[in-house]
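Dear colleague,

I am handing over the structure below, together with some notes for someone who has not seen it before. Please keep it open while you read.

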Amino acid sequence: MTENMTGEHTPLTVAQAIRARRSIRHYLPDPLPAEQLTELLDLTLEAPSSWNVQARYVVAVTDQEGRDGLVRATGGQPHPGEAPVTLVFVAASRAWRGDLGDVYERARRNDAWNQAFIDGFSQASLDFHEDLERRGLLREYAVKDAMIAATYAMVTAASMGLASSPMNGWDEEEVKRVIGIGDRDDLHIALLLPVGKPAEERRHPGRRPLGQHAFDGRFGRGLPGAPVSDPAYAAVSTPEPAVAR
């Protein structure tokens, strides 16, 4: 957040939040106000969801026992213990089999979908997920939904002046036990995201020039106007993407 002339904080824009966000490992113990946490979660779950099945959940771990458990589950890493809240993103690989009547009714009330659309959409969604099941891709597909939501959480937290750090190194079974789903084989851990006020400052390590990772229509084909080298690091060799030419 930034301060205006009266000393009040104003949220960052999306672009400002993306450019300001860094992964932080150490946090102040200050708890998040309940209203702020609720707003963070509400905006997180506005993330798009395939077929609007919403096959992802977020568990906000704030109690000391839970935070200590997440420290153990992550091999002793400090941030889940120091941050006042860690968001655990859970992917639900069988959510599509549940009753989605409330999803369709809400869409109808919002004048987003009519009944004819819902009838066709619901059957197409069922067919799609049955195909994923045959190919063994249900977990992967649900995890993608959860990761999109986690990205929304990181940007939202940054806009609020909060730090975060996406964590992908943990014992899944231990994390599941900590949040009370140890017996659920239909629920999977996608990501851990500690959130809070930073106790350290981290400088941006930089990214490679746009032209090395963004292409025009085909992998490896130059994007018009996109730089492929940085004059400040001209002496450092930069790898080219592996492309069949």
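This is a predicted model: local features need pLDDT of at least 70, side-chain atom pairs count only at pLDDT 80 or more; totals for chains, interfaces and linings use all residues.

Residues are numbered from 1 along each chain as its sequence is written, and side-chain values use heavy atoms, with hydrogens and water left out.

A search of the whole structure finds 8 aromatic pairs (rings of Phe, Tyr and Trp, the last by its six-membered ring, with centres within 6.5 Å; planes under 30 degrees apart are stacked, over 60 edge-to-face, the rest tilted). One of them joins Trp-113 to Phe-117, a tilted pair with 5.3 Å from centre to centre and 45° between the planes. Trp-113 also pairs with Phe-121, again tilted, at 4.7 Å and 45°. Trp-113 and Phe-121 are both buried, whereas Phe-117 is partly exposed at 39% relative accessible area (buried is under 20%, exposed over 50%, partly exposed in between, with a 1.4 Å probe and protein chains only).

Most residues other than glycine have a negative phi. Gln-54, however, has a positive phi near 60°, and it sits in the loop between α2 (34-44) and β3 (56-61) (helices are DSSP runs of H or I with at least four residues, strands runs of E with at least two, numbered from the N terminus). Asp-111 likewise has a positive phi near 60°; this residue lies in the loop between α5 (101-109) and α6 (115-134) and is exposed, with a relative accessible area of 71%.
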